[in-house]
Amino acid sequence: MGICLSTGNQCSCNGGANGERISGSCLGIRVSGRIERKRTFSDHTFSIQHLNSIPNRLVYNGKTRNSCIFTQQGRKGINQDAMVVWEDFISDGAIFCGVFDGHGPHGHVVARKVRDVLPRKLESSWESSQLKHNRSDRTSCFRWSQKNSADGERHDMDGSQEDKSSSLWRKAFLKSYKAMDKELKSHPKVDCFCSGCTAVTLVKQGSDLFVGSIGDSRAILGSKDSSDSPVATQLTVDLKPDLPREAERIKKCKGRVFALQDEPEVPRVWLPFDNAPGLAMARAFGDFCLKDYGVISIPEFSHRVLTDNDLFVVLASDGVWDVLSNQEVVEIVHSAPTRSSAARMVVDSAAREWKLKYPTSKMDDCAVVCLFLDGKMDSNSENEEQSLATLQTDEMYHTENSDEEQRLEPSLQRNDTVRSSEEKEQIGGRCSQSKENGESICAKDENWLGLEGVTRVNSLIQLPRFSCTKNIVEEGCNGG
């Protein structure tokens, strides 16, 4: 975890347009083939302190009807990973999952803030897009159905509805991620100048899987092949600064991309006028010292239609992917003695690998979400596990409150836990196809490793106290 100091002024914002929630279902809009009940404005305008009382929402170690989640602190300080599973999200049967990996002196605060706020913004953005779409399409769809009554033509309309659903979710992901970053920038109590977090998020709605991500947290799909053996498919791209399209954008905005001599495997993003802060990813929430120099918060979006062969989805922070391959994680989950223990099994395996492969390195934080697609968990209830989860919830809730209130100025630190180059494994091949605007992906290689040979240190160097820092940063891509 690197240290850097924000000297820019921040304005106060208590909500406004970003906090408003427009429910498409309040007008009887059809969602997932049925008409939702009418919702009032108060249904959506609940504060952060009410989130813990929402049914079917889990943010600490435990399980739900369809998933299990587990996180473990590494050896680099406070756990900066956050995670969430929210069942019955938007409508009955829909599920939201997310993993957020913080970095920088206030990364843990940023990650928890994004965990709590982003799902609500995504819900609001989707309902707003749904409302606009239904208003514009209601008349045209009625006329179309009168002129085209053949069964084959109705089938074509169903196909177009699938495309429209993907388009609506893409817009919702883009809009909500943008609004989330905007809120972080104007938040009076969260310093995101040199702190930020990754995000890998998904929404499962029926047989559709919609995924959005920034940074190097990853999502994979576990399926069975023709011989019923588990196989892994990567759903997201690790958005590192050395990816050609990412490096090109950063350089166009006057940012610099290079690796330090003592860790040549880790390309980083640097300011044009100073060797700081050294961010090890090309997209992130926060990190506003680099937002004018090519680092963005626009998510990569993908849509996948699930089949009967698809078994589960795993979301995890790079503390897992640094030491375990996609296939290894799928096999661990598939062979877990109980589904409710799968996430913990992955974290325990990652912890063992850290000790075996890199005994002189400090283990990174690990967070894992396992979502089982058939909607089934263990038949026997585990009362002891649930009681433990309740105790953890109470304890961690108080810890989070004290962490967010603590505003101590960080000291200059650096984590010298670089692994030797001899330990670095070969990185698997990559194949990604994306639209030029970075809104869709097609990931085909199944064994990309998030970071080989190095314990990730996302921000290395403290920014100097520039008296004119705000003016310099504001110049941005205009030639600052």
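This is a predicted model: local features need pLDDT of at least 70, side-chain atom pairs count only at pLDDT 80 or more; totals for chains, interfaces and linings use all residues.
**View 1. Salt bridge between Glu183 and Lys113.** This pair is among the 20 salt bridges that the structure holds. The closest N and O atoms of Glu183 and Lys113 are 3.9 Å apart.

**View 2. Salt bridge between Asp374 and Arg339, in two loops.** Here the closest N and O atoms lie 2.7 Å apart. Asp374 sits in the loop between strand S19 (366–372) and helix H7 (383–405), and Arg339 in the loop between helix H5 (326–334) and helix H6 (342–357), so the bridge ties together parts 35 residues apart in sequence. Asp374 is partly exposed, at 42% relative accessibility. Arg339 is also partly exposed, with a relative accessible area of 27%.

**View 3. Salt bridge between Lys357 and Glu353, within helix H6.** The side chains of Lys357 and Glu353 meet at 3.7 Å, N to O. Both residues lie in helix H6, four residues apart, which is about one turn of the helix. An α-helix has 3.6 residues a turn, so residues three or four places apart point the same way. Lys357 counts as partly exposed at 24% relative accessibility, and Glu353 counts as partly exposed at 22%.

**View 4. A salt-bridge network of five named residues: Arg245, Glu246, Arg249, Arg283 and Glu300**. Salt bridges that share partners join these residues into one network. Side chains of opposite charge can pair when their charged atoms come close.

**View 5. Helix H6 and its buried residues.** Helix H6 has 16 residues. From its first C-alpha to its last, H6 reaches 22 Å, close to the 22 Å expected at 1.5 Å a residue. Buried residues of H6 include Ala342, Ala343, Val346 and Val347. Ser349, Ala350, Ala351 and Trp354 are buried in H6 as well. The buried residues of H6 pack against strand S5 (67–72), helix H4 (318–321), H5 and S19.

Key. Residues are numbered from 1 along each chain as its sequence is written. Side-chain values use heavy atoms; hydrogens and water are left out. A salt bridge is a side-chain nitrogen of Lys or Arg within 4 Å of a carboxyl oxygen of Asp or Glu. Buried means under 20% relative accessible area, exposed over 50%, partly exposed in between (1.4 Å probe, protein chains only). The expected span of a helix is 1.5 Å times one less than its number of residues. Contact means heavy atoms within 4.5 Å.
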